[in-house]
Amino acid sequence: MEYLKDRIRKDGRVEGKDILKVDSFLNHQIDVALMNAIGEEFYQRFKDHGVTKILTIEASGIAIAAIVAQYFKVPMVFAKKTESRNLDAETYESSVYSFTKDKTYKIRVSKKYIQETDRILIVDDFLANGKAANGLIDIVEQSGATHCGVGIVIEKGFQDGGKILRNKGVNVQSLAIIDRFENQKVIFA
Ligand SMILES: O=P(O)(O)OC[C@H]1O[C@H](OP(=O)(O)OP(=O)(O)O)[C@H](O)[C@@H]1O
Ligand SMILES: O=c1[nH]c(=O)c2nc[nH]c2[nH]1
């Protein structure tokens with residue numbers, strides 16, 4: 001998606017050897033027009049898969065998933081990373097290591113919000129080592145629903161997540177795939 005790549009070239013900032021900061025438009029301050037273009041692009045890529053629900057993980061996936069859900073006209077649900085009294089007792093659970101936070105979270109989705117008959121599109125802002133996507137796939141599989149694929153805004157191709165998921169046969173569609181960082185510049189695959 002050239003529009004997205006241009007925006008990453010313009011406003012993305014490389015931090016250290018493996019972090020791309022896109023907080024000015026994607027996961028802190030949000031450019032809603034860009035989000036709409038992303039939602040439309042995921043719709044075009046997955047519209048023939050009979051999607052009935054969009055699933056993501058808090059926090060950064062929520063804004064993207066909400067807009068994607070508008071294009072599909074289906075509900076969106078996000079996995080919660082913390083326990084709280086307003087979460088149902090009956091949940092599907094998995095475990096996700098966050099590489100940006102160096103912390104493992106138990107993630108949970110209420111059993112009420114995924115049915116066996118659902119066809120689920122997983123979306124997220126980043127794919128790095130694939131832990132978040134794997135945790136969400138684990139939850140979908142526990143529920144007996146079908147996962148139609150994983151839509152990612154930015155895949156860091158130099159980390160293993162994309163390879164791991166594709167080797168498992170998952171339909172991963174990434175709108176921008178980064179091959180490497182070179183002199184603080186982003187080089188796309
Ligand atoms: O492929 P992975 O190695 O799992 O990395 C990708 C995940 O990492 C980020 O989440 P983070 O843990 O930073 O939480 P946040 O959404 O609250 O920023 C991002 O939003 C993805 O969910
Ligand atoms: O803003 C982000 N930048 C990254 O490089 C990254 N990797 C996983 N999650 C991420 N979030």
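Predicted model: local features only at pLDDT ≥ 70, side-chain atom pairs only at ≥ 80, totals over all residues.
Residues are numbered from 1 along each chain as its sequence is written, chains are lettered from A and ligands numbered from 1 in the order in which they are written. Local features need pLDDT of at least 70, side-chain atom pairs count only at pLDDT 80 or more, and totals for chains, interfaces and linings use all residues.

**View 1. The shell around ligand 1.** Ligand 1 has 18 residues around it. A residue is near a molecule if its C-beta atom, placed from the backbone, lies within 6 Å of it. Ser60, Ser98, Thr100, Ala128 and Ala132 come nearest. At least two shell residues come from each of β7 (119-127) and α4 (131-143). β7 has the largest share, four residues. Helices (H or I, at least four residues) and strands (E, at least two) are DSSP runs, numbered from the N terminus. Seven residues of this shell are nonpolar, seven polar and four charged. Ala, Val, Leu, Ile, Met, Phe, Trp, Tyr, Cys and Pro count as nonpolar, Asp, Glu, Lys and Arg as charged, and the others, Gly among them, as polar.

**View 2. The shell around ligand 2.** Ile19, Leu20, Lys21, Val22, Asn27, Phe99, Thr100, Phe126 and Ala128 surround ligand 2. Strand β2 (residues 19-21) gives the most, three residues. By class, six are nonpolar, two polar and one charged.

View 3. Strands β5 (residues 91-98) and β6 (residues 103-110) pair in the antiparallel sense over eight bridges. Pairing requires at least two DSSP bridges between two strands. Tyrosine 92 has valine 109 in β6 as its bridge partner. Four residues lie between the strands. Aspartate 102 takes a positive phi near 50 degrees in this hairpin.
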